[in-house]
Amino acid sequence: AKSNEWNISSVRLFLLLLRWTYSSEDEIGGRSYWGRLATYNPGGFYQLMNTTKRQARAAIGMLKNNLWIDRATRVVFIDFTVYNANINLFCVVKLVVEFPPSGGAFASSSLWSIRLLRYVSSEIGRAV
């Protein structure tokens, strides 16, 4: 049991340090974003969120308590995808908050609804 606790602690420490590590454009695999105030390169700092509400809140609380967003922050992107099984649609969401050097914040959002599972009928689990 002791070695398992050490492994879990090591993973948590690694993930904590990873949050404060700059990731290049190649590592992230993103593309530039043209915002209201500037064009932003895909390199930067990122935090992956967990799948449960409780874990995501804990991660956000940790970021807030450790001043992850500070005066040098120019933009924050929040990207996620949700799926509605009733109508077989995915919604890809991008929330953006830009912080100009003069202060304040500009928020914007993008939503794309797409049907990715074309060959699934309305009957549960039945492929067409």
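Student: What span should helix H3 have, going by its residues, and how far apart are its end C-alpha atoms?

Tutor: Keep in mind that we're looking at a predicted model. The idea is to count 1.5 Å a residue along a helix. H3 covers residues 53-65, which is 13 residues, so it should span 18 Å. Its end C-alpha atoms are 18 Å apart, and that agrees.

Student: Okay, which residues of H3 are buried?

Tutor: For this you look at relative accessible area: under 20% is buried, over 50% is exposed. In H3, the buried ones are Ala56, Ala59, Met62 and Leu63. Now look down the axis of H3: these buried residues fall within an arc of 125°, so they line one face of the helix.

Student: And what does the face turned away from the buried side of H3 carry?

Tutor: Exposed residues: there you'll find Lys53, Arg54 and Arg57, along with Lys64 and Asn65.

Student: What happens just after H3?

Tutor: Check the backbone angle phi there. Leu67 has a positive phi, about 55°.

Student: Let's zoom out. How many helices and strands does the protein have, and in what order do the elements run?

Tutor: Count 3 helices and 5 strands. Starting at the N terminus, the order reads α-α-β-β-α-β-β-β.

Student: What share of the contacts with a separation of 6 or more joins residues 24 or more positions apart?

Tutor: In this protein, such pairs account for 33% of those contacts.

Key: Residues numbered from 1 in each chain as written. Predicted model: local features only at pLDDT ≥ 70, side-chain atom pairs only at ≥ 80, totals over all residues. Heavy atoms only, no water. Helix = DSSP H or I, 4+ residues; strand = E, 2+ residues; numbered from the N terminus. Expected span 1.5 Å × (residues − 1). Buried < 20%, exposed > 50% of the residue type's maximum accessible area, 1.4 Å probe, protein only. Arc of directions from axis to C-beta. Contact = heavy atoms within 4.5 Å.
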